[in-house]
Amino acid sequence: MNSLEKIPKPVALITVMENIMPCYNFIVLEEDPLLIGISVHTERFTHYLLNRSFDFGINFVDISHVGAINYTGRTTGEHTNKFYGTKLTKKPAKLIRSYLIEESILSIECVKKDKISFSEHTLFIGQVVNVESKDGEFKIPLAYDYRKYTYQSDEVIEF
């Protein structure tokens, strides 16, 4: 196990056009305007799509969709419709062309603004243009912690 695998990370499903990819390599880069970066390996089909797309979605699902997360990570969208394979529902976004996931507890619509290439990954930078949460409430996202999924604690520690 490498050091990175020891760090619990929130996991999201990235949607680009009609493709879905699990991602735990994302970061808020700026607050005004709100910019989020997602890191995608250069050999992934999602990388190919992101280079040709103007936008992407970031979708957080609950623990009942762990099978879908695993499926999307182990299956390429180049020859497979991942929405069909996971039985997740495509939802038209309000301000971007890429689809969102109806079952998401939180969906973020991003317009692609820039990208930074590294040796094996590209950081795609998107400006947040819309955020929607199921039932209007933010719920704690699922986290990936070395081959298992957990919820991050909602405990608040004041100091």
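# Exercises on burial, pairing and salt bridges

F26 is partly exposed, with a relative accessible area of 23%; buried means under 20%, exposed over 50%, and partly exposed in between (1.4 Å probe, protein chains only). The model is predicted: local features need pLDDT of at least 70, side-chain atom pairs count only at pLDDT 80 or more, and totals for chains, interfaces and linings use all residues. Residues are numbered from 1 along each chain as its sequence is written, and side-chain values use heavy atoms, with hydrogens and water left out.

**Exercise 1.** Locate F26 and list its contacts beyond neighbours within four places in sequence.

*Solution.* 
1. F26 belongs to strand 4 (residues 26–31); helices (H or I, at least four residues) and strands (E, at least two) are DSSP runs, numbered from the N terminus.
2. With those neighbours set aside, F26 is in contact with P10, A12, G37, I38 and F60, where contact means heavy atoms within 4.5 Å.
3. The C-alpha atoms of F26 and I125 are 9.5 Å apart, although 99 residues separate the two along the chain.

**Exercise 2.** Determine which residues of helix 2 are buried and how they are arranged.

*Solution.* 
1. In helix 2 (residues 66–74), V66, A68, I69 and T72 are buried.
2. Viewed down the helix axis, these residues fall within an arc of 165°, so they line one face; the arc is that of the directions from the axis to the C-beta atoms.
3. G67 and R74, on the other side of helix 2, are exposed.

**Exercise 3.** Identify the salt bridges and the network that they form.

*Solution.* 
1. The structure holds 3 salt bridges, each a side-chain nitrogen of Lys or Arg within 4 Å of a carboxyl oxygen of Asp or Glu.
2. E18 and K90 form one of them (3.1 Å, N to O). E18 lies in the loop between strand 2 and strand 3 and K90 in strand 7 (residues 90–92), so the pair ties together parts that are 72 residues apart in sequence.
3. E132 and K91 form another (2.8 Å, N to O).
4. K94 also forms a salt bridge with E132, the closest N and O atoms being 3.2 Å apart.
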